Amino acid sequence: MEYSSPMKRKNNAIYIDLENIPSTLDLKSLLDDLSLRHDVDSDEENVFVIKMAAGNSTAIRKMKKQLTEYNFEIRDTPSITSKYKNRADLIISLAALETIIINMPVIDRYVFITSDSDFTVIMEMLRKYGKEVFLVTKEEVSDKPVFSNSCDATVRWASSFFESPRRSATSEG
């Protein structure tokens with residue numbers, strides 16, 4: 001009797017900067033695309049073990065139904081200045097750094113969904129510790145050296161990552 005070798009599990013963490021992404025983002029399409037990109041080896045299983053999204057209440061409201069359906073931890077980051085500045089980028093960065101310190105669960109790949117260059121600091125730090133880092137961002141910033149030099153792969157938002165206006169209106173709930 002022939003036994004197949006067990007699948008190697010690869011743990012992924014995904015962080016969404018809600019204020020720096022389009023509110024019509026379709027999480028199912030994005031997660032499916034990321035899973036396909038990751039599952040290069042037939043004996044490798046990619047699992048999103050940490051899923052976190054942070055932003056202000058307006059940004060959360062636009063995606064709350066989808067985030068809830070995919071079991072994302074949602075962090076409300078209220079404005080701390082009169083210019084609507086909040087600490088979403090800092091909260092996400094520290095959450096990612098904490099996984100290195102605690103090392104439980106062990107994360108093999110980090111995925112950041114943002115167009116904010118503030119995340120390049122944590123992306124570079126994670127790579128320093130041997131972690132694989134993906135950035136999902138808009139085309140206009142995807143070729144910026146600060147992004148391409150801070151991550152292992154850049155995924156441009158594809159049209160398939162967005163809901164049609166009719167579907168979006170019903171899912172914002």
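This is a predicted model: local features need pLDDT of at least 70, side-chain atom pairs count only at pLDDT 80 or more; totals for chains, interfaces and linings use all residues.

**Overall layout.** I went through the secondary structure next and found seven helices and six strands. Reading from the N terminus, I get the order β-α-β-α-β-α-β-α-β-α-α-β-α. The chain has 173 residues, and 43% of them count as buried. I then checked the contacts between residues at least 6 apart in sequence: 64% of these join residues at least 24 apart.

**Helix 3.** Helix 3 covers residues 88–102, which comes to 15 residues. From its first C-alpha to its last it reaches 21 Å, close to the 21 Å expected at 1.5 Å a residue.

Which residues of helix 3 are buried? My list reads Ala-88, Asp-89, Ile-92, Ser-93, Ala-95, Ala-96, Thr-99 and Ile-100. Looking down the helix axis, I see these buried residues fall within an arc of 155°, so they line one face of helix 3.

What do they pack against? I noted strand 1 (8–17), strand 2 (44–55), strand 4 (109–113) and helix 4 (120–128) as the partners of the buried residues of helix 3.

I turned the helix around after that. The face away from the buried side carries the exposed residues Ile-101 and Ile-102. Both came up again when I looked for patches: Ile-101, Ile-102 and Met-104 make a nonpolar surface patch of about 370 Å². Just after helix 3, I found Asn-103 with a positive phi of about 60°.

**Asp-89, a charged residue to check.** Asp-89 is found in helix 3. Is it buried or exposed? Its relative accessible area is 12%, and with the cut-off for buried at under 20%, Asp-89 counts as buried. Leaving out residues up to four places away in sequence, I find that Asp-89 touches Asp-116, Asp-118 and Phe-119.

**Salt bridges.** How many salt bridges are there? I count seven, taking a side-chain nitrogen of Lys or Arg within 4 Å of a carboxyl oxygen of Asp or Glu. I followed up on some of them.

- Glu-132 pairs with Lys-10, and their closest N and O atoms are 3.5 Å apart. This pair links distant parts of the chain, with Glu-132 in strand 5 (residues 132–137) and Lys-10 in strand 1, 122 residues apart. I looked up the exposure of each: Glu-132 is partly exposed at 24% relative accessibility, whereas Lys-10 is buried at 15%.
- Glu-69 and Lys-65 meet in a salt bridge of 2.6 Å, N to O. They sit four residues apart in helix 2 (residues 57–69), so about one helical turn separates them. Glu-69 is partly exposed, with a relative accessible area of 48%, and Lys-65 is partly exposed too, at 37%.
- Asp-152 forms a salt bridge with Arg-127, with 3.4 Å between the closest N and O atoms. Asp-152 lies in the loop between helix 6 (145–148) and strand 6 (153–156), and Arg-127 in helix 4, so the pair ties together parts that are 25 residues apart in sequence. I have Asp-152 as partly exposed at 41% relative accessible area and Arg-127 as partly exposed at 28%.

One more item for this page: salt bridges that share partners join Lys-10, Arg-109 and Glu-132 into one network.

**Phe-48, last stop.** Phe-48 lies in strand 2, one of the elements that the buried residues of helix 3 pack against. At 15% relative accessibility, Phe-48 counts as buried.

Methods: Residues are numbered from 1 along each chain as its sequence is written. Side-chain values use heavy atoms; hydrogens and water are left out. Helices (H or I, at least four residues) and strands (E, at least two) are DSSP runs, numbered from the N terminus. Buried means under 20% relative accessible area, exposed over 50%, partly exposed in between (1.4 Å probe, protein chains only). Contact means heavy atoms within 4.5 Å. Patches are made of residues with over 30% relative accessible area and no salt bridge: like charges are joined within 9 Å, nonpolar side chains (Val, Leu, Ile, Met, Phe, Trp, Tyr) within 5 Å. Accessible areas come from the Shrake-Rupley method with a 1.4 Å probe; for residues, only the protein chains shown count as cover. The expected span of a helix is 1.5 Å times one less than its number of residues. The arc is that of the directions from the helix axis to the C-beta atoms.
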